[in-house]
Amino acid sequence: MTIRLAVPNKGRLQQPTATMLKQGGFSYEKTDRALAVPVRNMDLEVLFVRTDDVAEFVADGVADLGITGIDLLTESGMDLDIIEKLGFGHCRLTAAVPKISDITSLEGLRDTRIATSHPVTTQRFFDEQGIAITTVPLSGSVEVAPKLDIADAIVDLVSSGSTMLINGLRPIADILESEAVLVGRAGTSAVNGTIAQVILTVQSVVAARRKRYVMMNAPADAVAAIEELIPGFAAPTVIPLAHDGMVAVHSVVDSARLGRVLPELKEAGASGILVLPIDQLIA
Ligand code: AMP
């Protein structure tokens, strides 16, 4: 049976999703109008749908797996498993008020009207806090609602925070952290076959993006110091060079540690250091 993966057909998550699938070796050709496109090298179809509809398509069984934002999954109310956080589409759902408002805390929002494109998530959050509010559901331009006096505050998606600032809003608190995720129905990650293949491939891309492959030359007597800096998975690969006493050392390093490690490698005697991206990594 052909497996279906539902992905965003436009919007912020569309391009990073396509880039991730390409990096994982999924080979397909998207045309502007096609809703479903077969993947050449797998028994898989990619289904292009609105980001907001991905969760529902997966829950209904139209698709087996989907890529969407945590915020949209939460808002959909669908009971799906988050199989993998994908490391892009980071944003926060933030409560904010006009700069001139006296409200400075979540408690201060009691009995206010809150405009939001995420009414379910917002209502649930304030219910959990025991703070009564009224949501004003809007599908866009949430940030102008206080100016139009249809709301006292907003709950909206923020990544840098500049849109809120430009619109004269002051953040009060974050109510949800979001990023893009791979989702499936309960128990999906335990299945075999194409589903498992897609999950492992996506996970291998996510893992690879957090790492870099480093290669360098070094005097053989510097290997111990270098190994301490870049132990890799089991141990670094050490290959003899044509000149006596010199070796090449290869290893995998956390991207986040690179900035600190590179000068230390140089200090330890490494030269000709190369840093390469990795497409996929299965530890
Ligand atoms: P779209 O409306 O199709 O562009 O997709 C919106 C989704 O992109 C949101 O639901 C989030 O999951 C994600 N996203 C990431 N950063 C932001 C942001 N700064 N503003 C809005 N959505 C964001």
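In the predicted model, β13 and β14 form a hairpin with five residues between them, where strands are DSSP runs of E of at least two residues and helices are runs of H or I of at least four, numbered from the N terminus. Gly245, in the turn, has a positive phi of about 85°. The two strands pair in the antiparallel sense over four bridges; pairing requires that DSSP find at least two bridges between two strands. Pro240 has Val247 in β14 as its bridge partner. Residues are numbered from 1 along each chain as its sequence is written. Local features need pLDDT of at least 70 in this predicted model, side-chain atom pairs count only at pLDDT 80 or more, totals for chains, interfaces and linings use all residues, and side-chain values use heavy atoms, with hydrogens and water left out.

β12 (residues 211-219) pairs with β15 in the antiparallel sense over five bridges, and Met215 stands opposite Leu274 in β15.

The ligand is surrounded by 13 residues, the closest being Gly11, Arg12, Thr51, Asp71 and Ser159 (a heavy atom within 4 Å). Polar contacts are pairs of N or O atoms within 3.5 Å; within protein, one must be able to donate a hydrogen and the other to accept it, and residues adjacent in sequence count only if both atoms are side-chain atoms. A polar backbone atom of Arg12 is 2.8 Å from a ligand oxygen atom, and an N or O atom in the side chain of Thr51 is 3.3 Å from an oxygen atom of the ligand. A ligand nitrogen atom lies 2.7 Å from a polar side-chain atom of Ser159.

Thr68 lies in strand β4 (residues 65-69). A polar atom of the Thr68 side chain lies 3.3 Å from the backbone oxygen of Thr51.
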